[in-house]
Amino acid sequence: MITRIVNAEEGLDEAVSLIKSGELVVFPTETVYGLGANAYDAAAVKKIFEAKGRPQDNPLIVHISRVEEVRDIARDIPDVFFTLAAHFMPGALTVVLPRSERIPDIVTAGGDTVAVRMPKSPVARELIARSFPLAAPSANRSKHVSPTSARHVFDDLDGRVPLILDGGECEVGIESTVLDLTSGEPVILRPGAVTAQMLAPFLGVAPGSGKVIGTAKSPGMKYEHYAPTADAYAASSPAVAALFYDKCVKEGRRPVLLFGEGKAAELGDRERISLGESVDDFMHSVYSALRTAEKEHDVIIVEMLEGEGRAASVMNRVMKAVGGKVL
Ligand code: TXA
Ligand code: MG
């Protein structure tokens with residue numbers, strides 16, 4: 001199969017036809033690129049798992065273009081969903097709800113719940129509005145780092161998908177927050193740019209009450225994905241990073257440092273890929289930096305951020321990428 005990258009607006013008509021004929025299309029979102037198929041078509045959705053090499057026990061997110069579409073995807077939808085939707089949709093929030101009968105087993109991995117998200121990208125939403133809700137995981141090969149550009153997708157899925165809609169670099173840079181509303185108390189299954197602190201006021205959790213939104217693991221979090229192909233470590237300080245870097249060089253390895261500008265001065269002239277100035281810059285650029293680093297280096301040393309909220313969300317992904325290895 002020939003894989004083409006086409007400007008998102010220009011490729012929209014073709015993308016609609018492909019989805020309607022049961023094929024896959026890669027589309028941009030503000031978090032990471034998605035590999036989409038008609039969510040109502042089990043045979044089309046099966047192709048997603050084949051293209052990615054993804055285990056079938058890991059359920060997919062269904063992407064919608066308007067809040068009201070949720071009624072086709074889910075049932076017994078609690079009022080709080082609509083409150084959250086009013087504040088965070090479109091956006092980097094995925095909500096797990098009881099599943100409607102229209103959604104085939106392959107989307108939910110046979111489970112009784114379904115994950116729903118409305119992406120920000122106008123092209124993604126137009127594609128959905130003109131075809132079907134799209135079941136879509138991140139558009140990487142299973143276990144690799146999620147893609148934040150069309151080029152990243154091509155590197156992983158060349159020959160496996162017909163069309164990649166190129167919408168430029170993803171603004172957020174890590175996958176959406178997954179919030180489960182089906183297990184009594186709201187539970188964050190995967191942290192992201194929409195943080196517990198941002199969600200709390202709408203979930204009846206008073207700030208300062210000591211009560212927090214629960215956390216648990218989504219089915220996908222048990223897999224060691226998001227990992228680069230090079231040996232990767234998280235560094236608890238610039239000093240240990242510099243020491244380990246120098247040791248690697250002595251051993252004839254080719255290390256690189258992934259650090260923000262704040263700590264750059266402490267790293268001297270060692271080779272570094274910048275993760276920018278702020279936590280949001282770090283989040284935006286870390287996956288892209290991991291993909292750049294693995295091409296030319298065999299050791300990747302990533303800065304560890306302290307703090308809650310988005311810093312903790314991005315560290316969740318860094319810890320995955322380094323397989324828990326901390327210097
Ligand atoms: O930002 C994102 O969420 C991107 C873009 C493309 O929307 N999508 C994405 O999909 O990251 P994926 O498949 O790579 O990750 C979906 C996560 C997995 O951890 C999966 O286990 C979890 O959501 N998930 C999906 N359906 C679920 C369900 N019914 N219950 C609990 N977790 C679910
Ligand atoms: Mg993924």
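Select Glu-69 to begin: leaving aside residues up to four places away in sequence, Glu-69 touches Ile-64 and Ile-128, a contact being heavy atoms within 4.5 Å. The model is a predicted one, in which local features need pLDDT of at least 70 and side-chain atom pairs count only at pLDDT 80 or more, while totals for chains, interfaces and linings use all residues. Residues are numbered from 1 along each chain as its sequence is written, chains are lettered from A and ligands numbered from 1 in the order in which they are written, and side-chain values use heavy atoms, with hydrogens and water left out.

Glu-69 is located in the loop between strand S4 (61–63) and helix H3 (70–73). Here helices (H or I, at least four residues) and strands (E, at least two) are DSSP runs, numbered from the N terminus. Is Glu-69 buried or exposed? Glu-69 is buried yet has no salt bridge. Buried denotes under 20% relative accessible area, exposed over 50%, and partly exposed in between (1.4 Å probe, protein chains only). A salt bridge requires a side-chain nitrogen of Lys or Arg within 4 Å of a carboxyl oxygen of Asp or Glu. For charge, Lys and Arg count as positive and Asp and Glu as negative; His and the chain ends are not counted.

**Helix H1**

Next, select residues 8–20, which form helix H1. The 13 residues should span 18 Å at 1.5 Å a residue, and the end C-alpha atoms lie 17 Å apart, which agrees; the expected span is 1.5 Å times one less than the number of residues. At Glu-14, H1 bends by about 35°, the bend being the angle between axes fitted to the seven residues ending there and the seven starting there.

At the N-terminal end, Asn-7 caps H1, with a side-chain oxygen 3.1 Å from the backbone nitrogen of Glu-9. After H1 comes Gly-22, whose phi is positive, near 80°.

Now colour the buried residues of H1, among them Leu-12, Val-16 and Ile-19. The buried residues of this helix pack against several elements, including strand S1 (4–7), strand S3 (34–38) and helix H6 (122–130).

**Helix H10**

Move to residues 279–296, helix H10. Its 18 residues reach 25 Å from the first C-alpha to the last, close to the 26 Å expected at 1.5 Å a residue. A kink of about 45° is centred on Ser-285, which is itself one of the buried residues of H10. Others in the buried set include Phe-282, Tyr-287 and Arg-291. Among the packing partners of the buried residues are helix H7 (150–157) and helix H11 (310–321).

**Salt bridges**

The structure holds 23 salt bridges. Which residue forms a salt bridge with Asp-155 at 3.1 Å between the closest N and O atoms? The partner is Lys-295. Lys-295 lies in helix H10 and Asp-155 in helix H7, so this pair ties together parts that are 140 residues apart in sequence. Lys-295 is exposed, at 59% relative accessible area, whereas Asp-155 is partly exposed, at 35%.

Asp-155 also forms a salt bridge with Arg-151, the closest N and O atoms being 3.3 Å apart. These two residues are 4 residues apart in helix H7, which means a separation of about one helical turn.

Finally, select Arg-75 and Asp-76, whose side chains meet in a salt bridge (3.2 Å, N to O). Arg-75 is partly exposed, at 32% relative accessible area, and Asp-76 is exposed, at 59%.

Note on methods:
Polar contact = N/O pair within 3.5 Å; in protein donor to acceptor, adjacent residues only side chain to side chain.
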